[in-house]
Amino acid sequence: MSYDYQFEFRRYHSTTLALIDVVDQIYQHLDNRDMVLGIYLDLQKAFDTVDHDILLAKLANFGIRGIVYNWFKDYIYDRKQYVCISCTNSECGKITCGVPRGSVLGPFLFLSYVNDIGSSLPTTSIKLFADDTNLFIFNNIV
């Protein structure tokens, strides 16, 4: 269920390994006289933008069903938040998207959400480090 080029939240994957992988791939294509185009994206507040319906559909697609599926559904739906400053509370607001940060499940849910990104552009090389995405396009110029 994990994307091979996700270099965060996975054992034995690190920024160093991500950098070595990217540099090696770029040099390999440059040695073949290919043109290399790199696009670097940083998804701002990525954990907060996860659409609950899409996430649940992906979990079901991964085979999570029944009681476990319902547990995840209960975990992400109907969450509320408020702010407290100097003993004064804001009104309670409903959270309509996102996964909880600071929890053990947050990274799992986020990775489940972005896990299929590699299949969306099969002719490109996509490298992920948490919510940072590097997209590389190679083309022979000879």
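The legends below describe close-up views of a predicted model.

Residues are numbered from 1 along each chain as its sequence is written, and side-chain values use heavy atoms, without hydrogens or water. Local features need pLDDT of at least 70 and side-chain atom pairs count only at pLDDT 80 or more, while totals for chains, interfaces and linings use all residues.

**View 1. Helix H4 and its buried residues.** Helix H4 covers residues 105-114; helices (H or I, at least four residues) and strands (E, at least two) are DSSP runs, numbered from the N terminus. H4 is largely enclosed by the rest of the structure, because 7 of its 10 residues are buried. Buried means under 20% relative accessible area, exposed over 50%, and partly exposed in between (1.4 Å probe, protein chains only). The buried residues of H4 are Gly 106, Leu 109, Phe 110, Leu 111, Ser 112, Tyr 113 and Val 114.

**View 2. The largest nonpolar core.** A nonpolar core is a set of buried Ala, Val, Leu, Ile, Met, Phe, Trp, Tyr and Cys residues joined through side-chain atoms within 4.5 Å. The largest one has 16 residues, of which Leu 55, Leu 59, Val 99, Leu 109 and Phe 110 touch the most other members. Two or more residues each come from helix H2 (52-61), helix H3 (66-76) and H4. H4 gives the most, with 5 residues. Leaving aside neighbours within four places in sequence, Leu 55 is in contact (heavy atoms within 4.5 Å) with Val 50, Ile 76, Val 99, Leu 109, Ser 112 and Tyr 113.

**View 3. Salt bridge between Arg 101 and Asp 48.** The structure holds 2 salt bridges, each defined as a side-chain nitrogen of Lys or Arg within 4 Å of a carboxyl oxygen of Asp or Glu. In this one, Arg 101 and Asp 48 meet at 3.8 Å, N to O. The pair links distant parts of the chain, 53 residues apart: Arg 101 lies in the loop between strand E5 (93-95) and H4, and Asp 48 in the loop between strand E1 (34-42) and H2. Arg 101 is exposed at 54% relative accessible area, whereas Asp 48 is partly exposed at 34%.

**View 4. Salt bridge between Lys 94 and Asp 78.** The side chains of Lys 94 and Asp 78 meet at 3.7 Å, N to O. Lys 94 is in strand E5 and Asp 78 in the loop between H3 and strand E2 (79-81), 16 residues apart. Lys 94 is exposed at 55% relative accessibility, and Asp 78 is exposed at 54%.

**View 5. His 29 in helix H1.** His 29 sits in helix H1 and counts as buried at 18% relative accessibility. Not counting residues up to four places away in sequence, His 29 touches Asp 34, Val 36 and Phe 138.
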